[in-house]
Amino acid sequence: MILISMMAMALSAAEAAPVTAKAQEALAPRAGRELYICAKDEASRRAFKREHGEVIFVSAREVVDSRTDGTAWAAPRCITQKEYNRLGKLLGK
């Protein structure tokens with residue numbers, strides 16, 4: 001089961017939105033794997049980079065594939081709201 005933990009960042013709601021508790025529970029996180037819903041504008045990228053280092057966006061398919069191959073992330077990853085919605089559909093949530 002994939003482990004995706006969503007944490008509220010010290011960014012404005014327009015820059016990054018925390019995922020609801022229900023969604024977080026449905027996507028039960030695995031240790032060492034964090035996923036944030038991020039905007040793709042320059043200000044959001046700078047803020048995320050300042051807080052977490054490198055900005056790496058993942059697709060819903062990459063998240064699902066990581067479940068089967070056991071890929072762990074050393075640093076948090078970003079996902080767009082559209083891809084997050086697609087992830088929910090792929091996982092049947």
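Trainee: Let's start with Arg61: is Arg61 buried, partly exposed or exposed?
Mentor: Keep in mind that this is a predicted model. The relative accessibility of Arg61 is 43%. Buried would need under 20% and exposed over 50%, so with its 43% Arg61 counts as partly exposed.

Trainee: Which residue forms a salt bridge with Arg61?
Mentor: In general, side chains of opposite charge can pair when their charged atoms come close. For Arg61, the closest N and O atoms of the salt bridge are 3.8 Å apart. The two partners are four residues apart in helix H3 (residues 60-69), about one helical turn. The partner, partly exposed at a relative accessible area of 36%, is Asp65.

Trainee: How many salt bridges are there by this rule?
Mentor: Arg61 and Asp65 form a salt bridge. Arg86 and Glu83 form a salt bridge too. The count comes to two.

Trainee: In the salt bridge of Arg86 with Glu83, how far apart are the closest N and O atoms?
Mentor: Both residues lie in helix H4, three residues apart, about one turn of the helix. As a general point, an α-helix has 3.6 residues a turn, so residues three or four places apart point the same way. Arg86 is partly exposed at 37%, whereas Glu83 counts as buried at 15%. The closest N and O atoms of Arg86 and Glu83 are apart by 2.3 Å.

Trainee: Which residues of H4 are buried, and what arc do they cover?
Mentor: H4 spans residues 81-90, and its buried residues are Glu83, Tyr84, Leu87 and Gly88. They sit on the same side of H4, because the arc they cover around the axis is only 150°.

Trainee: What about H2: which of its residues are buried, and what do they pack against?
Mentor: The buried residues of H2 are Ser44, Ala47 and Phe48. Their arc around the axis is only 95°, which puts them on the same side of H2. The face turned away from that buried side carries the exposed residues Lys49 and Arg50. As for packing, the buried residues of H2 go against S2 and S3.

Trainee: How many aromatic pairs does a search of the whole structure find, and what kind of pair is it?
Mentor: The search finds one aromatic pair. Its members are Tyr36 and Phe48, 5.7 Å centre to centre with 75° between the planes. Planes over 60 degrees apart count as edge-to-face, so the pair of Tyr36 and Phe48 is edge-to-face.

Trainee: Where do Tyr36 and Phe48 lie, and are they buried or exposed?
Mentor: The pair links distant parts of the chain, twelve residues apart: Tyr36 is in strand S2 (residues 35-38) and Phe48 in helix H2 (residues 42-52). Tyr36 has 3% relative accessibility, and Phe48 has a relative accessible area of 1%. Each value is under the 20% cut-off, so Tyr36 and Phe48 are buried.

Trainee: Which ring does the charged end of Lys40 sit over?
Mentor: The charged end of Lys40 is 4.9 Å from the centre of that ring. The ring belongs to Phe57.

Trainee: Last one: what pattern does the protein follow along the sequence?
Mentor: There are four helices and three strands in the protein. Of its 93 residues, 39% are buried. Read along the sequence, the pattern is β-α-β-α-α-β-α.

Methods:
Residues numbered from 1 in each chain as written. Predicted model: local features only at pLDDT ≥ 70, side-chain atom pairs only at ≥ 80, totals over all residues. Heavy atoms only, no water. Buried < 20%, exposed > 50% of the residue type's maximum accessible area, 1.4 Å probe, protein only. Helix = DSSP H or I, 4+ residues; strand = E, 2+ residues; numbered from the N terminus. Arc of directions from axis to C-beta. Phe/Tyr/Trp six-rings, centres within 6.5 Å; stacked < 30°, edge-to-face > 60°. Lys NZ or Arg CZ within 6 Å of the ring centre and 35° of its normal. Salt bridge = Lys/Arg side-chain N within 4 Å of Asp/Glu carboxyl O. Contact = heavy atoms within 4.5 Å.
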